[in-house]
Every structure is written in structure tokens, then in C-alpha cells.
Amino acid sequence: MKYAMLILKNLMRSKRRTFLTVFSIAVSLFIFSALVSLPTVANQVLADSASSVRIACHNKAGLTYFMPMAYQQRIAATPHVVAVVSESWFGGILHDINDQFPNLAVDPDQVDLMWPDWGISKQGFEDFKRLRTACLVGNGTMKRFHLHIGQQIQLKGTVYPFNVTLNIVGTMNDKAPPNFLLFRRDYLEEAAGRPGVVSNFWVRVDHSENVPLVIASLDEQFANSSAETRSESEAAFIGNFLQGFRTFFQIAEMLGVIVVLTIGLVAANTAAMSIRERRSEIAVMRSIGFRSGTILGLLLSESLVIGLAGGILGCGAAFLVLKAFSVGAPALGPLGSIRMPPGVLVETLIAAALIGLLSAWFPARSAARQNIVDALRLVA
Amino acid sequence: MDEKYAIEIDHVSRVYKRDEFEVRALDDVTMRVPEGRFVAIMGPSGSGKTTMLNLIAGIDHATSGRVAVGGEEITSMKERDLAAWRARHIGLVFQFYNLIPVLTAFENVELPLLLTHLSKAERREHVETALKVVNLADRMDHYPRQLSGGQEQRVAIARAIVTDPTIVVPDEPTGDLDAKSAEEILNLLTQLNRQFHKTIVMVTHDPRAERYVETVYRLDKGVLAGIEPGKAATPAQAAGASA
């Protein structure tokens with residue numbers, strides 16, 4: 001503690017240099033923590049849904065291919081299945097093309113059984129079942145477009161050649177995707193001229209251990225049909241959806257690491273310059289009786305303070321920006337829920353400390369071990 | 001009566017290697033400095049004065065020979081022990097003051113005390129006393145850049161004496177000062193010697209210094225060329241030096 005004054009005074013020796021170093025570390029760690037948060041959040045989404053008892057059953061050819069609606073009864077009759085909700089992608093926009101967010105039409109009868117963990121009120125479920133034009137909206141989309149319960153909205157069709165007029169009867173919170181909008185499939189079916197096809201079936205199973213059994217059973221039932229199915233747990237379904245982003249995540253992570261390494265080298269250069277300027281002072285301190293280890297500790301502490309100050313600033317800024325981003329960009333699907341996980345916060349602060357310590361290690365070690373007489377000659 | 005020696009140097013040589021050349025800075029020097037004396041090591045440039053001071057202060061190692069300070073042999077000490085020894089026994093004063101520019105006079109003087117177990121209040125008391133001795137109690141919050149050369153050197157002397165070391169070793173303490181400031185510094189060192197009984201070994205080529213010291217050790221080309229009484233020597237000291 002008695003050395004704190006010495007460390008602080010040396011940090012303030014060149015305020016501009018200290019500020020610029022802290023700022024550059026802060027910017028690099030801002031970029032690092034923001035980029036590293038992306039895959040971590042994706043993994044978190046998967047982890048949240050890993051224990052799910054829900055199965056997605058879709059066309060084996062891909063999500064854009066349809067299945068006959070008649071499959072629903074056969075799925076419902078499969079052992080261990082407690083609820084089935086058919087789903088069709090509508091792909092509408094609210095005002096213009098920039099207002100995109102996932103909007104889907106689902107069967108209203110068993111929505112409460114299928115998604116009890118989505119924070120929908122009892123009244124919301126009841127109204128959704130009662131009113132043909134009802135819709136349930138995720139809280140992210142509600143905030144984004146300043147919507148409220150009871151409001152009537154119109155979704156413009158981009159896939160279907162018609163619009164749908166909907167009444168908001170409830171919001172979705174908790175584990176629900178914050179940007180989703182659900183409305184009734186019977187309304188869509190009628191408007192589309194009853195084509196009798198669906199994009200996906202959500203299937204709820206009695207126990208999670210029965211999920212593999214039901215998956216196998218479903219795909220077996222529809223094997224060799226005109227629309228073979230591929231069933232998968234909700235975690236696997238979201239995982240496949242996110243798979244398309246994997247390369248992007250990897251590039252983002254690599255970029256983050258490169259930025260940190262680059263700034264580490266810049267910080268090392270700054271530390272070397274700062275320590276080199278003080279070689280004679282360090283020699284004087286050693287001639288007074290300061291041990292090499294104490295000098296090394298003091299120099300590393302200065303650098304550690306700079307690194308951590310940059311880390312806290314960068315991390316804090318990234319946390320706030322991601323928070324604002326997640327509220328303002330719900331159209332990104334699961335990625336819309338990006339927030340800085342505590343693990344990334346810890347990683348970033350460790351990176352900050354390492355930048356501080358490693359950047360100063362070699363010049364500080366060299367200065368602490370220098371020959372006192374040679375260093376004193378620098379003054380003369 | 002047996003005289004106690006603050007410094008004993010026996011057959012000390014110091015050879016530096018500069019690229020492929022060997023420089024013999026000190027060559028088989030033997031000398032003794034009695035306790036409580038104010039002595040000067042004098043000689044022309046390159047005579048080995050500062051090398052001798054560095055060996056006494058324990059910041060350089062002899063190539064051969066034995067150096068003992070305060071009865072403790074330092075020649076074989078490891079760097080870690082030597083650092084602790086310097087903190088206890090040596091008060092170094094440099095020609096260019098070598099104060100830390102970002103610290104005030106008070107903080108500069110406090111620096112060696114950070115190595116002790118003294119409390120903050122005790123450190124303050126010691127620093128204030130040292131600054132009073134050098135007559136700079138009213139400048140303790142000033143930074144080195146706000147002080148004159150003479151004042152900076154006095155702060156450096158306060159830093160050297162604040163731990164109450166066995167020996168004070170000023171290296172050309174007047175070398176960067178005008179005549180008036182140089183006189184002040186030499187008077188201050190005399191006061192430290194007479195009032196506080198500090199052994200002072202000063203390296204200088206300033207001829208005025210001879211008036212203040214009791215013994216002059218003359219070095220020339222790395223060898224001890226002579227020991228002479230200074231102008232401040234008592235008759236007994238003068239007789240001892242001549243012998």
C-alpha cells in the first residue's frame with residue numbers, strides 16, 4: 001500500500017501517454033469483448049434449450065419445403081406425445097422492408113401446452129384461442145415498434161400475396177424469442193385459400209428422456225412418403241439454425257484475438273519507451289536499496305493498472321453497447337438477444353491484465369536487473 | 001588506542017571489459033578510513049575516484065581484493081543482501097542530484113524509508129527532521145523543478161541521511177553548483193560530520209573541498225598516490241595522515 005503513491009505518481013508522469021495507452025487498450029478490448037460475445041451467446045441459446053421436451057419436425061428436404069397438414073393427427077397419436085402445434089412461416093413486414101422480424105402462424109389450440117415457459121399470461125392464451133385475428137408479440141418487438149396490448153396492426157405479406165390484420169392480445173417474455181410474433185394458422189390458411197400444408201410441427205413429449213424415441217418414431221412413420229420428415233430436439237434445431245453463423249463467429253473470434261495481440265505489441269512499445277526514459281531513476285532507486293524484485297513489481301503494477309483501466313473501460317462500453325444493441329435489433333433472431341455473458345467479462349479482464357503484465361515484462365525485467373553503475377552513467 | 005575503521009579496502013582491483021579492451025580502473029589499492037571522519041578522494045579524471053566510491057557504496061563489485069564497510073565484508077555479498085545492506089548503511093549523494101522528478105521534496109526524502117517497517121507517521125517525522133537539518137523544511141511540497149540546484153542537492157543529502165546510514169558517500173556533490181551553493185553544501189556536509197558524527201567519504205576534484213575535509217586520499221591512474229591531511233584536520237589527524 002505504501003508504494004501506491006509511487007505507482008500513481010509514475011502513472012501521472014505523462015498524463016497524455018497514460019490516457020492514450022488506456023484508451024487504445026479500452027478500444028481493443030471493446031472490440032474483443034463484443035466479438036467474443038457473439039458465439040458465446042449462441043452457445044448460451046443452445047444451453048438454455050438443451051433440456052427441452054420440444055421437438056421440431058420438418059421436411060427432410062429443408063425448412064423451406066412444406067409437409068401435409070394431415071401429418072398432425074398421426075404425430076399426435078404417437079406414444080409419449082402430449083401436444084402438437086403446426087407452424088407456417090408468414091414472413092410479413094410491419095411498415096417497410098427494414099421492419100423484418102420472425103412472424104409465424106401457429107395452431108391456437110395447444111399453444112399453452114407447447115410453450116408454458118414463454119411468459120404468456122393466462123388471459124393472453126385465452127384471447128389467442130378465442131379471437132381469430134389474435135396475435136402474441138415478443139417483448140423485443142413490442143418495444144422496437146412501441147406496440148401495446150389491444151393495438152391493431154397490419155403485417156404486409158412478402159411471401160404470401162396478401163396482408164393480415166392482427167390484434168395484439170398478449171406479450172411473450174421469459175424464454176420466448178424476444179422478436180417473435182405468433183398469430184393463428186387458421187386465419188392464414190383461410191386467407192391463403194386452404195393449401196393444407198405447413199412448414200413445421202412442434203411436438204411436446206411427456207419426458208425429455210423420451211425425446212430420442214419420439215424423434216425416431218416420427219421419422220420412421222413418414223419414411224418413403226412424398227414428404228419425408230427430419231425431426232430433432234429444439235436444441236439441435238436451433239443449433240442447425242445457428243450453424244450458418246459459425247464461420248462468421250470464428251472469424252469474429254479471430255479478429256478479436258488479432259486486435260488484442262496488436263494492441264499488446266503497441267502497449268509493449270509504449271511500456272518500453274516509458275521504462276527506458278527512467279533507467280537512471282531506477283538505478284538511483286536500486287542504489288538507495290530497492291531490490292530488483294521490488295522495482296520489477298512496481299513497474300509491472302503500473303502497467304497492470306493501465307491494462308485493467310483499459311479493460312474495465314472497454315468491457316463496460318461493450319456491455320452497454322451490446323445491451324442497447326439487443327434492445328434495438330430484435331430482427332436478428334436469436335442473435336438479437338446478445339448480451340455480454342459473465343464469462344466474457346472475466347475473459348476480457350484477464351486479457352487486460354495480461355496485456356498490462358506481458359507488455360511491460362521484458363523492459364521492466366531488463367531495467368530492474370541493469371547494472372547500476374552503467375545506468376547511473378546515463379545521467380552524467 | 002586502536003582506531004576503528006569505517007572502511008577497509010585491501011588490495012582491491014577493478015577491471016572493466018570494454019569490448020575487446022580491459023580497463024584497469026583500480027589497481028591493488030589498499031586504504032582505511034577511520035570512523036567519524038570527513039574525507040575526500042581526489043584525483044584527475046579517470047583516476048578511479050568514482051569506481052572507488054561505487055565499491056564502497058556496494059553498487060559495484062571488486063575484481064579482486066576485499067572491501068569491508070562498518071566491519072562488514074561486502075565483497076562476497078549477493079545482490080539481494082547487498083541491496084538491503086545499502087538501505088541500512090549507505091547514503092549516496094550524486095553530482096546531478098538524481099531526484100525523482102514526479103515526487104515532491106518530501107516524497108523524494110521519504111523514498112528510502114519505504115524500505116523500512118516505519119509507520120506513515122514515523123516516516124513523516126523522520127523526513128521532516130532530515131529536511132530541517134538541510135534547512136529545507138519550508139520546501140517539502142516543492143517538486144525538484146521548483147528548486148534551485150543547491151536546494152536540489154540539499155534534498156538529495158536529506159534523502160541520503162534520512163535512514164541514519166553508517167556512511168554518507170557524496171560523488172562530486174559540488175560539481176554542478178555555483179561557488180556559493182557549493183560552499184553551502186560543503187558546510188552542510190561538515191555539519192553532518194561534526195554534529196551527527198557521520199563518516200563521510202566524498203569524491204571530488206573541487207580544490208575548495210580540501211578546506212573542509214580531514215584527510216585527502218589521492219588517486220592517480222587507478223593507484224593510491226598519497227594520503228594527505230585536509231585543512232580541517234586536527235594536529236593528531238594530520239600526523240596520522242602523514243604517517
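**Note on the predicted two-chain model**

1. The face of α6(B) turned away from its buried side carries the exposed residues A179(B), K180(B), N187(B), R194(B) and Q195(B). Helices (H or I, at least four residues) and strands (E, at least two) are DSSP runs, numbered from the N terminus.

2. This is a predicted model, in which local features need pLDDT of at least 70 and side-chain atom pairs count only at pLDDT 80 or more, while totals for chains, interfaces and linings use all residues. Residues are numbered from 1 along each chain as its sequence is written, and chains are lettered from A and ligands numbered from 1 in the order in which they are written.

3. On the buried side of α6(B) are A182(B), I185(B), L186(B), L188(B), L189(B), L192(B) and N193(B). Viewed down the axis of α6(B), these buried residues fall within an arc of 155°, so they line one face of the helix. The arc is that of the directions from the helix axis to the C-beta atoms. Their cover includes β3 (38–42), α5 (149–161), β7 (167–170) and β8 (199–203) of chain B. Contact here means that the C-beta atoms of two residues, placed from the backbone, lie within 7 Å.

4. How far should helix α6 of chain B span? Its 18 residues (179–196), at 1.5 Å a residue, should span 26 Å, and the end C-alpha atoms are 25 Å apart, which agrees. The expected span is 1.5 Å times one less than the number of residues. Just after α6(B), H197(B) takes a positive phi of about 55°.

5. I200(B) is found in strand β8 of chain B. Is I200(B) buried or exposed? I200(B) is buried, with 26 other C-beta atoms within 10 Å. Leaving out residues up to four places away in sequence, I200(B) touches F38(B), V168(B), P170(B), L189(B), L192(B) and N193(B). L189(B), L192(B) and N193(B) are among the buried residues of α6(B). The C-alpha atoms of I200(B) and T50(B) are separated by 14 Å, and the two residues are 150 residues apart along the chain.

6. Chain B has an open sheet of 4 strands in the order β2-β1-β4-β5, with antiparallel pairing. Its edge strands are β2 (21–34) and β5 (72–73), each of which pairs on one side only. Two strands pair if DSSP finds at least two bridges between them. Strand β1 (residues 5–18) pairs with strand β4 (residues 64–69) of chain B in the antiparallel sense over 5 bridges. I7(B) stands opposite V69(B) in β4(B).

7. The contact between the chains takes 19 residues from chain A and 20 residues from chain B. On the chain B side, α1 (49–57) and α2 (79–89) each supply at least two residues. α2(B) gives the most to that side, with 5 residues. By class, the side of chain B that touches chain A has 14 nonpolar, 3 polar and 3 charged residues. In this count Ala, Val, Leu, Ile, Met, Phe, Trp, Tyr, Cys and Pro are nonpolar, Asp, Glu, Lys and Arg are charged, and the others, Gly among them, are polar.

8. Chain A is assigned domain 1 (4–46 + 245–377) and domain 2 (61–227). The bounds come from an automatic or database domain assignment. The C-alpha centres of domain 1 and domain 2 of chain A lie 47 Å apart.

9. In chain A, strand β4 (residues 103–106) runs parallel to strand β8 (residues 181–184), joined by 4 bridges. A105(A) stands opposite F183(A) in β8(A). Strand β5 (residues 134–138) of chain A pairs with β8(A) in the antiparallel sense over 3 bridges. The bridge partner of L136(A) in β8(A) is L182(A).

10. Helix α8 (residues 211–221) of chain A has V211(A), V214(A), I215(A) and L218(A) buried. Seen down its axis, the buried residues of α8(A) fall within an arc of 105°, so they line one face of the helix. The face turned away from the buried side of α8(A) carries the exposed residues A216(A) and E220(A).

11. Two residues of chain A deserve a check of their backbone angles. Phi of H146(A) is near 55°, a positive value in a residue other than glycine. H146(A) is found in the loop between α6 (139–144) and β6 (152–155) of chain A, and is exposed, with 7 other C-beta atoms within 10 Å. R194(A), also not a glycine, has a positive phi of about 50°. R194(A) is found in the loop between α7 (185–191) and β9 (197–198) of chain A, and is exposed, with 11 other C-beta atoms within 10 Å.

Conventions. A residue is buried if 20 or more other C-beta atoms lie within 10 Å of its own, exposed if 12 or fewer, and partly exposed in between; C-beta atoms are placed from the backbone.
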